[in-house]
Amino acid sequence: AVDIHGLRSDIDARKGVVQKSNEGLHLLAGSTGGYVFQNSNDLSSDFGRVLKAQEFVYVLGFQTTADQPGKFHALKVRVNVPGARVTARTGYYEGGGGNVLERALSSAEVMINDIPQDAIHIESLAAPFPTTGASSQVPVILEVSGQDLAAAVGTTRRGTAEIFVYAFDEDGLVRDSTYQRLALDLAKLGDSLKNGIKYYATLSLPPGRYAIKSLVNVAETAKKGFVRKDIVVPAAGDVTISQPLFFEEPGKWLMIRGSSHDKTNAGYPFVANGQAFIPSAGVNVRRGEPRTFAVFVENASPDELSVESSPKSTIVSQTGSGLRSLLLLRLDSADASTAALDVVVRKRGSDDLRKSSIPLTIQ
């Protein structure tokens with residue numbers, strides 16, 4: 001916080017001594033680990049000091065066991081670095097007790113430590129699509145249970161849902177993220193929230209391995225849902241296949257289009273034979289009912305590919321070019337013992353293969 005009144009004293013020529021306090025600025029900045037710059041007319045120098053103070057910042061976190069749920073543990077942090085400043089909470093409560101403090105567990109802790117949250121059930125899909133640039137387009141689709149959202153909002157029938165999506169690389173650094181805040185009025189939404197919300201956003205990521213972590217939080221009750229999806233963003237020229245992308249039934253979800261951080265300016269990627277489609281994040285298959293799905297293959301032409309799947313699927317079409325091929329298949333039947341669909345794509349006359357899979361729920 002910068003005191004913009006600048007350099008001054010408490011002496012007024014007409015009124016004498018006038019007490020002027022910056023206590024409000026100190027309360028705001030100090031409680032969040034910040035600084036107050038006061039009695040200065042040199043804003044450039046003040047901002048320079050802020051930047052200097054932020055050159056090296058370390059965040060220390062730890063995990064521990066929950067032996068006595070609800071017990072408070074005091075924290076004291078000391079560092080042996082001259083001139084360093086430390087900001088820390090006074091303590092923490094052990095989880096597992098189901099109390100108010102545990103329900104208020106911060107979203108940051110859930111994200112960093114992959115802490116399960118099942119008050120709101122979420123299914124997620126993240127599918128990297130290479131582009132001509134240095135980064136790939138990574139659409140993220142979340143399916144959020146409408147029944148769980150209604151229960152989380154409670155009897156007031158109104159609430160605020162917050163959606164966080166973060167992409168962590170192998171070093172634990174956030175490489176891209178998106179956030180959406182939704183006002184929920186269950187009386188107005190009516191049956192449109194029967195199945196839930198289908199949220200679509202786009203990230204932009206360079207080649208590498210990532211954990212796509214998504215969190216839904218109802219602000220008024222602190223009830224949460226969390227899901228993690230591990231993906232590999234391929235390097236340019238790699239032969240890769242997408243996961244099986246099942247065509248969604250139209251009108252099933254309340255669709256929400258989130259923000260796009262796609263720096264590639266690529267178009268909507270889920271297109272089959274000139275028609276856009278919406279893929280399912282969580283796939284539910286009724287026994288005896290055929291379901292169509294798509295598989296995208298990068299850097300291989302259709303005429304050099306052979307496809308196998310388990311359970312067995314029928315090839316509907318193979319189209320595309322050497323840059324991206326589209327395989328349309330139909331899953332004709334699945335029984336109660338089927339837990340997943342596995343797809344294997346090979347280059348003809350070669351042992352080189354690519355495999356992907358997706359869990360199935362059989363109804």
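## A valine in a loop

Val79 sits in the loop that links strand E3 (72–74) to strand E4 (91–93). Strands here are DSSP runs of E with at least two residues, and helices are runs of H or I with at least four, numbered from the N terminus. Val79 counts as partly exposed because its relative accessibility is 45%; buried means under 20% relative accessible area, exposed over 50%, and partly exposed in between (1.4 Å probe, protein chains only).

Val79 also belongs to a nonpolar surface patch with Leu60, Val77, Val81 and Val86. Together these residues have about 450 Å² of accessible area, by the Shrake-Rupley method with a 1.4 Å probe.

## What kind of model this is

This is a predicted model, where local features need pLDDT of at least 70, side-chain atom pairs count only at pLDDT 80 or more, and totals for chains, interfaces and linings use all residues. Residues are numbered from 1 along each chain as its sequence is written, and side-chain values use heavy atoms, leaving out hydrogens and water.

## Confidence

pLDDT is the predictor's confidence in each residue, from 0 to 100. The protein chain averages 84, and 89% of the residues score at least 70. Strand E5 (residues 122–126) has the highest mean, 96. Helix H3 (residues 100–103) has the lowest, 46.

Over residues 98–104 the pLDDT is below 50. Where pLDDT is low, the predicted coordinates should not be read in detail.

## The whole chain

The protein chain has 6 helices and 23 strands. Of its 363 residues, 37% are buried. The chain exposes about 20900 Å², and carbon and sulfur atoms supply 51% of that area.

Notes: Contact means heavy atoms within 4.5 Å. Patches are made of residues with over 30% relative accessible area and no salt bridge: like charges are joined within 9 Å, nonpolar side chains (Val, Leu, Ile, Met, Phe, Trp, Tyr) within 5 Å. A salt bridge is a side-chain nitrogen of Lys or Arg within 4 Å of a carboxyl oxygen of Asp or Glu.
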